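Take a look at the model below. We will walk through a few strands and then turn to the nonpolar cores.

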Amino acid sequence: FKLTNPPYKQVLLELNDFSNQLMKAFHRHALLTAKRWKLNRSEPSRFLSTVAFESHSNVEVNHQDVGAFESSPPEPDIDQLQPKTSMNLVTSVNKTLHSILKDDPSSITFGQDIAFGGVFRCTTNLQDSFGKDRVFSTPLNETGIVGLAVGYASTGSLAIAEIQFADYIFPAFDQLKNEASMFRYRSGNQWNCGSMVVRMPYGAVGHGGHYHSQSPEAFLTHIPGIVVMIPRGPISAKGMLLSAAKSKDPCVILEPKALYRAKVEDVPDEEYHIPIGKAEIMREGHDITIVGWGRQLTILEKACDMAQAEHGISCELIDLRTLSPWDVSTVENSVRKTGKMIVSHEAPITCGFGAEVVASIQDRCFLSLEAPIKRVCGYDMPFPLVFEKEYLPSEWKNLEAIQDLMNFSQ
C-alpha cells in the first residue's frame, strides 16, 4: 500500500484555498487509517456488484429488486424504543452527527460554513467538540467538497460532506458520477469509497425562489452506485444518517429544509437504523395507494385525512424513504390490493422520479389496475418565487386526483 500518490492528495492540491494545517491533518488521518483501508477491501454490496455487473450482460436485471442492503442492520420497532427525546429535524441531524464523530475517531465532516454551524445550524458546536481537524469549513467549491469526500473515503475513513443547498450540487456531478459511483467497479473491487455521505437540504421553503428551492433527486437516482435517501422527519433522519455512515456504498441524503424546525418528533435516544432500500407503509388502506417521500409526505397525510373524512376514501400511504435502490415490491403489493395509485413530488413532472415508479408499477401491475396511474407533481418550469403556492403539489391537488381515480374506477 503506497501513499506516494493517493487520490486525496491530488484533490487537495487542486484546492488552493485549503490551508497547510488542513493538508497536514488530512495526511495524519490517512496514515492512521491506511492499514485499516488495506485490510478492509470489503466485498461489494449487491447494489454495486450484481446490478453494475449484470447490467452489462444479457441477464435481465431489476434494479428495484435489490431491496435492503446486506450492510443495513434490521429496522427495530421505533415505538418500542425508550427513552425518547422530543426534538426537531435540525437537532436530530446535529445529535446524530455528534454521535457518529464520537464513535469513529477517523470520521470528519466539512462543507461551506460548517465550522460555525452552517446556514441551518446542523453542525453547531461540532467543531468545539471534535476540533478543527475533523470539523471544518471549505471554500465555496462544490466540486472540491465532493472530491475531498471521495478521496478521504477511499482511505477507508468516513467522510460526511455537506452541500449548503441541493440546488448547487450540479457542479459536483462529475465527482459523483465519474468518481464516487464507479470507484469500486472500475478497480475490479480493489478499492472503494463507500465510507462517504453527502448531506444537502432540498425543496421548497416558502421564500427560496429559483436557486434555493429545487428538488434534484431524479438527477441523483440516474447514477448507478449512489444510494439516495430522503427523510421525512427527525426519526427517519437519525436512522438514515446512521445507516449511511455504515453503508459500503456512497450515500446522498436530501434533507427537507422546510421541516428543519417545523417537524418535531419523539426520537429514541439509542442508536437505530433505517434499512437502505426499504419503504414504509405509513398508513394502511384499501381504496388507493399514495406514494411519496420527504416533505411531500406531510402534504399527502393531509390529503389522505381529507379523503377519508370528506369522502370515506381509504388511502394507503407509502414513504419510499430510499429512492435508489427503491422498494418496488412494497408498492407493487399495495397496488395489487387497491388497484389505483398516485405518486406525488415537488420536482418537475417530466422525468421526475415519479415517472420511474409509474413505469415499473404499470409493468408489474397492469392487470390489477382499475384506473390510470396519476402523478401530482411540480410544473416543468424554473421554481417560481411569487407563485410558489401555485407551483407546489398541494393537498388540494392530491385530493382532486384521488377523487378522479375513484370516479374513474366506478
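In which sense, parallel or antiparallel, do strand 6 and strand 7 pair? Strand 6 (residues 227–229) and strand 7 pair in the parallel sense, over 3 bridges. Pairing here requires at least two DSSP bridges between two strands. Strands (E, at least two residues) and helices (H or I, at least four) are DSSP runs, numbered from the N terminus.

This is a predicted model, in which local features need pLDDT of at least 70, side-chain atom pairs count only at pLDDT 80 or more, and totals for chains, interfaces and linings use all residues. Residues are numbered from 1 along each chain as its sequence is written, and side-chain values use heavy atoms, leaving out hydrogens and water.

Strand 7 has another partner. Strand 5 (residues 196–202) runs parallel to strand 7, joined by 6 bridges. Val252 in strand 7 stands opposite Val198. Val252 also stands opposite Val228.

Why is strand 7 (residues 251–256) largely enclosed by the rest of the structure? Because 6 of its 6 residues are buried, meaning under 20% relative accessible area with a 1.4 Å probe, protein chains only. Cys251, Ile253 and Glu255 lie on one side, with Val252, Leu254 and Pro256 on the other.

Now the cores. A nonpolar core is a set of buried Ala, Val, Leu, Ile, Met, Phe, Trp, Tyr and Cys residues joined through side-chain atoms within 4.5 Å. The largest has 50 residues, and Leu320 and Ile361 touch the most other members. Helix 6 (residues 142–153) gives the most to this core, with 7 residues. Apart from this core lies another, of 30 residues, including Ile160 and Cys251.
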